[in-house]
Amino acid sequence: MKKLRSLFIGIVLIICVLFFGIVWLEKTSGMQNAKVVNIYNWGDYIDPKLITKFEKETGYKVNYETFDSNEAMLTKIKQGGTAYDVAVPSDYMIQKMKKEHLLLPLDQQKLPNLRYIAPQYLNLAFDRQNKYSVPYFWGTLGIVYNDKFYRSSQFKTWNALWDKQFDKQIMFIDGAREFMGIGLASMGESLNTKNDAKLNAAYEKLKALTPNAKAIVSDEIKTYMANEESSVAVTFSGEAADMIAKNPHLHYVIPAGGTNLWFDNLVIPKTAKNKAGAYAFINFMLEPKNAAQNAEYIGYSTPNQGALQYLPRSVTSDKAFYPSAARLKQMEIYEDLGSKYLEKYNDLFLELKMYRN
C-alpha cells in the first residue's frame with residue numbers, strides 16, 4: 001500500500017512539474033492567454049520597428065506572414081489553415097471578400113484613432129461607411145524617368161509612351177489591370193470597363209506599344225532604374241519613391257487623364273481568433289506618429305491626416321505623391337470585375353506579352 005501511495009505521489013509530482021513547465025514556456029514565448037496577433041500583409045510593407053514597439057506597448061506577440069498578390073492572400077484565407085487576425089487586401093479585393101462573407105464588420109468604437117483618417121479617404125465605393133476596412137496606404141500608377149535622358153514634358157499623357165524614341169526602353173509593371181489600364185486610359189476609357197469592343201480596341205492599341213517594352217516585370221524595376229540600367233518605367237508611386245531615394249536623377253509623374261488610384265486596407269477576417277488583438281493593432285497603426293513612421297519607411301502616401309505634420313514638408317507638398325483633390329477625382333479605383341471579365345483582362349494581357357516576344 002505504501003508503495004502504491006509513493007507511486008501515486010510520484011506521478012502527481014511529475015504531472016505538476018510538466019504543467020508548470022508548460023505554463024512557464026507559454027509565458028516566456030508570449031503565447032499565454034491567446035496573446036498572439038496573426039498579421040497577413042504584403043512583403044516589406046511595415047516598419048519592423050513598429051512591430052517591436054507594438055509588442056512592448058501591448059504585451060501581444062506578433063506572428064507576421066506575407067503574401068505577394070491579393071489573389072494569393074484570398075486563397076489562403078479561404079483555405080483557413082491559419083486564423084489571421086488582420087489582413088491587408090486592396091480595394092477591389094475587399095469587394096470580393098465581402099461578397100464571399102470573409103470579413104468581420106468593424107466596431108468603430110474600438111478604433112478611436114480612426115478619426116485621424118482624412119475624410120476624402122473614407123466612405124469609398126468599395127466599402128461604404130468603412131464597415132469592413134480601414135485605409136492603410138494609398139497611391140497611384142505613373143511614370144518614372146531619369147532626367148539624364150528625358151524631361152517631364154515628354155510624359156504629359158499616356159500616349160507619349162507610344163513614341164518610337166522609347167523603342168525597347170520602357171519597363172512595365174507586370175499586371176493585367178495595369179497594362180490594360182494604360183491602353184484604356186490613353187483612349188479616355190474607364191479602367192473598369194466591361195465593354196468588349198473597348199477592351200479589344202485597347203488590346204489592338206497596346207500591340208503597337210509592345211515594341212517599346214524593355215521588360216514586363218515586378219520588383220526588378222527598382223534595381224534597373226536605380227542603377228540606370230533603364231531610364232523610364234511605369235510603376236506604382238511607392239515603388240517610385242523607393243527608386244528616387246536611391247537615385248536623385250529619377251522623378252515620378254502622373255500623366256494627364258485617367259490612372260489608377262489604389263488603396264490597401266486593414267481588415268479583420270471572419271476566422272480571426274484574437275479580435276481584441278486585431279483592434280489593438282489597427283488602432284496602434286492609426287496613431288499619427290506611428291502612421292508617419294510607417295509612411296517614411298514604406299514610401300507610399302498615408303491617408304492619415306494626423307501623420308502629415310510629422311512628415312517632411314518636401315514629401316507632403318509633392319503633388320506627384322500627394323495630388324490635389326481635383327486631380328484625384330480624375331483617377332479610378334479598381335473594381336471587382338467578376339470572374340468573366342477578370343479572366344478576359346488576364347487573357348488579353350497574356351496575349352500581349354506573347355505578342356511582344
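# Helices, a strand and loops in a predicted model

Among contacts in the protein chain between residues at least 6 apart in sequence, 74% join residues at least 24 apart. The model is predicted.

Q: How many helices and strands are there in the protein chain, and what percentage of its residues count as buried?
A: The protein chain has 13 helices and nine strands. It holds 357 residues, and the share that counts as buried is 49%.

Q: Is α9 mostly covered or mostly uncovered, and how many of its residues are buried?
A: The buried residues include G277, A278 and Y279, and also F281, I282 and N283. F284, M285 and L286 are buried as well. α9 is therefore mostly covered, under a cut-off of 20% relative accessible area for buried, and the count of buried residues is nine of 12.

Q: Which elements do the buried residues of α9 pack against?
A: The strands in this packing are β1 (36-42), β3 (86-87), β4 (134-146) and β9 (261-266). The helices are α2 (48-58) and α10 (288-298).

Q: Why is α2 described as roughly antiparallel to α10?
A: The axes of α2 and α10 come within 9 Å of each other and cross at roughly 155°. Angles over 145 degrees count as roughly antiparallel, so this pair falls in that class. The orientation of α2 to α10 is therefore roughly antiparallel.

Q: Which residues make the contact of α2 with α10, and what are their classes?
A: From α2 come P48, K49, L50 and K53. From α10 come N290, Q293, N294 and Y297. By class, the residues of this contact are three nonpolar, three polar and two charged.

Q: Where is G306, and is it buried or exposed?
A: G306 is found in the loop between α10 and α11 (313-316). Its relative accessibility is 10%, and the cut-off for buried is under 20%, so G306 counts as buried.

Q: Which residues is G306 in contact with, leaving aside neighbours within four places in sequence?
A: L286, a buried residue of α9, is 20 residues from G306 along the chain, and their C-alpha atoms are separated by 9.0 Å. With sequence neighbours within four places left aside, the contacts of G306 are Y116 and P288.

Q: Why are α3 and α4 called roughly parallel?
A: Helix α3 spans residues 70-79 and helix α4 spans residues 91-99. Their axes come within 10 Å and cross at roughly 25°. Angles under 35 degrees count as roughly parallel, so the orientation of α3 to α4 is roughly parallel.

Q: In which hand does α3 pass α4, and which residues meet?
A: The crossing of α3 past α4 is right-handed. On the α3 side the residues are N70, E71, M73, L74 and I77. They meet Y92, M93, K96 and M97 in α4.

Q: How do the residues of the contact of α3 with α4 divide by class?
A: The α3 residues N70, E71, M73, L74 and I77 and the α4 residues Y92, M93, K96 and M97 form this contact. They divide into six nonpolar, one polar and two charged.

Q: Which residues of α4 are buried, and what is included in their cover?
A: The buried residues in α4 are D91, Y92, M93, I94, Q95 and M97. What covers them includes α3 and β9.

Q: Is D264 buried or exposed, and which residues does it touch?
A: D264 lies in strand β9, and at 6% relative accessibility it counts as buried. Its C-alpha atom is separated by 9.6 Å from that of Y92, 172 residues apart along the chain. Not counting residues up to four places away in sequence, D264 touches W42, Y45, V88, P89, S90, V134, P135, Y136 and F137.

Methods: Residues are numbered from 1 along each chain as its sequence is written. This is a predicted model: local features need pLDDT of at least 70, side-chain atom pairs count only at pLDDT 80 or more; totals for chains, interfaces and linings use all residues. Side-chain values use heavy atoms; hydrogens and water are left out. Buried means under 20% relative accessible area, exposed over 50%, partly exposed in between (1.4 Å probe, protein chains only). Helices (H or I, at least four residues) and strands (E, at least two) are DSSP runs, numbered from the N terminus. Contact means heavy atoms within 4.5 Å. Axes are lines fitted to C-alpha atoms, for helices over the stretch in contact, and angles run from 0 to 180 degrees between N-to-C directions. Angles under 35 degrees count as roughly parallel, over 145 as roughly antiparallel, 65 to 115 as roughly perpendicular and the rest as oblique. A crossing is left-handed if the near helix is turned anticlockwise from the far one by less than a right angle, and right-handed if clockwise. Ala, Val, Leu, Ile, Met, Phe, Trp, Tyr, Cys and Pro count as nonpolar, Asp, Glu, Lys and Arg as charged, and the others, Gly among them, as polar.
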